[in-house]
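Subject: Structure for you to look at

Hello,

Here is the structure I promised. Please open it next to this email and follow along.

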Amino acid sequence: MTDSSLVARDLQHIWHPCSQMKDYELFHPLIITGASKAYLHLQDGRKIIDAISSWWCKSLGHQHPRLKRALQLQMDKFEHVILANTTNETIVQLSEKLTELSPSLNKVMYASDGSSAVEMAMKMSLHARVIEGKTQRKLFIALENSYHGETIATLSVSDLGLYSEPYRSLMFAVKKIAPPYVNGEDDARWDNCELHWQSVLEQLQPYAHTATALIVEPILQAAAGMQIYSRDFLRRLRQWTREHDIHLIADEIMTGIGRTGKMLACEHAGIEADFVCLSKGLTSGWLPLSAMLTRNDIYDLFYDDYANGKSFMHSHTHSGNVLAASVALETLNIMTEEKLCARAGEMGGVMLEAMQAIANHTGKLKNIRMLGAMVAADLICDTNKRYGYEVYRKAVELGALLRPLGNTIYWVPPLNTEWETLCELKNITQKAILME
Ligand SMILES: Cc1ncc(COP(=O)(O)O)c(C=O)c1O
């Protein structure tokens, strides 16, 4: 079977995610035959760096032997059983570990993808209001430039027109507020956004009695182009929501499980949300699994005799799939044993220096920013130009899967990527930007 015939068969039937299919006429889908650690193996024999951890999820890299073993052990027992009316040792251990992430988030509900976990939190917030008799609290508040998923409710609380514009007629109204962006922790606004806050406060106050929840991607808005905002802002949002009995939903789908150098990005601001959503790095991208954590007092609102009709009747066929749970449990063990949060911080320092060196050498980068094991920069170019796409094509040719967000290039490699690989990634990125 030759490359071209496999590509032809692919293009005959597969509609790839988040793609303009016509682009594949000129630049075919890469044929993957294997993967290991931070590398993807292509059919033409080349190994290229997975610089974006396959959409930000492969936090422990590809084919981690301990994750493979955990999965095999679970497969030998059983692969999936309905989680309503049953339980098992694996899911109980995973839930115990997840509830250790945050002092008061003691209950976990599972789904399969990030969007579903976010929507579950939104539904639960709204449903809690119905039970409490606070039905005037219906509104959601979100941040400008946010991204929370692809379902209609999560698109409604998102703010990236590229993904939502055609579906506007189905979406509901959400109050959006602008976060104060910074390029890193040494920006003065990181710890003090007082000036910005005053205008936000004025915008928030009219909704103090009608909002049910405020939803954020804590500190890092990834899909917006890896934008970082002030941790003081997140602290103030937490304080304001608490003062006004408004739930805070932390969408940690991308940031959670170590990516920002903390297990939860909320830790940067020293705050605890009322709902936390996790996915992606939760299984190190092995299998689809998402989790929504919340507090006992929210759980207690729903706890009553069945006849009183307060049950949260939300389910997904694969809620708490045990194969995914077995890998998630081992992922959490490895994160702790190998101190990968600390390593994410070290990687950030190394990658920041590398990105700065590229900027100095090429003169084609601006707004370099870093948080944990994420470094990003904007390409200096005409905004209509698809420079990012050209850099992507060139980088693949040179040995790295970069996949810029528009004209923002970024590195989100596995948290255990070897230092030589990061050095190789720097050289490839530099050459790709210069189109050498
Ligand atoms: C912050 C955030 N929330 C939600 C999602 C949606 O997750 P999924 O693609 O698994 O539905 C994503 C996906 O990138 C994300 O980055």
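Before we start, one term: two strands count as paired if DSSP finds at least two bridges between them. Keep in mind too that this is a predicted model.

**The two domains**

The protein chain splits into domain 1 (31–63 + 340–434) and domain 2 (66–337). Their C-alpha centres lie 27 Å apart. Across the boundary, 28 residues of domain 1 are in contact with 31 residues of domain 2.

**The four-stranded sheet**

Start with the open sheet of 4 strands. Its order is S1-S2-S3-S16, and the pairing is mixed. Strand S1 (32–36) and strand S16 (400–401) are the edges; each has a single partner strand, so one side of each has no neighbour in the sheet.

Now walk across it. S1 and S2 pair in the antiparallel sense over 4 bridges. Gly34 stands opposite His41 in S2. The two strands form a hairpin with 2 residues between them, and Lys37 in the turn has a positive phi of about 50°.

Next come S2 and S3. They run antiparallel, joined by 3 bridges. His41 has Lys47 in S3 as its bridge partner. This is also a hairpin, with 4 residues between the strands; Gly45 in the turn has a positive phi of about 95°.

Which residues cover the two faces of S2? Tyr39 and His41 lie on one side, Leu40 and Leu42 on the other, and all are buried.

Last, S3 (residues 47–50) and S16 run parallel, joined by 2 bridges. Ile49 has Ala400 in S16 as its bridge partner. Helix H15 (residues 419–434) packs on this sheet and touches strand S2 (39–42), S3 and S16. The direction of H15 makes about 95° with that of S3.

**Helix H14**

H14 (residues 387–398) has 12 residues. It reaches 16 Å from its first C-alpha to its last, close to the 16 Å expected at 1.5 Å a residue. Its buried residues include Tyr387, Tyr389, Val391 and Tyr392. What covers the buried residues of H14 includes S3, S16 and H15. Just after H14, Gly399 takes a positive phi of about 125°.

**The three-stranded sheet**

A further open sheet has 3 strands in the order S14-S15-S17, with antiparallel pairing. Here strand S14 (365–371) and S17 are the edges; each has a single partner strand, so one side of each has no neighbour in the sheet. Neighbouring strands are turned by 15° against each other on average, direction ignored. S15 and S17 pair over 4 bridges, and Ala377 stands opposite Ile409 in S17.

Two helices pack on this sheet. Helix H13 (residues 340–362) touches S14, S15 and S17, and its direction makes about 175° with that of S14. H15 touches S14, S15 and S17 as well, and its direction makes about 170° with that of S17.

**The cores**

The largest nonpolar core has 106 residues. Which of them touch the most other members? Leu98, Met226 and Trp411 do. This core draws at least three residues from each of domain 1 and domain 2. Leaving aside neighbours within four places in sequence, Trp411 is in contact with residues including Ala51, Met351, Met374, Leu402 and Leu425. A second, separate core of 23 residues includes Ala111, Phe140, Ala142 and Val174.

Best wishes

How values were computed
Residues numbered from 1 in each chain as written. Predicted model: local features only at pLDDT ≥ 70, side-chain atom pairs only at ≥ 80, totals over all residues. Heavy atoms only, no water. Contact = heavy atoms within 4.5 Å. Axes fitted to C-alpha atoms, helices over the stretch in contact; angles between N-to-C directions. Expected span 1.5 Å × (residues − 1). Buried < 20%, exposed > 50% of the residue type's maximum accessible area, 1.4 Å probe, protein only. Core = buried A, V, L, I, M, F, W, Y, C linked by side-chain atoms within 4.5 Å. Domains from an automatic or database assignment.
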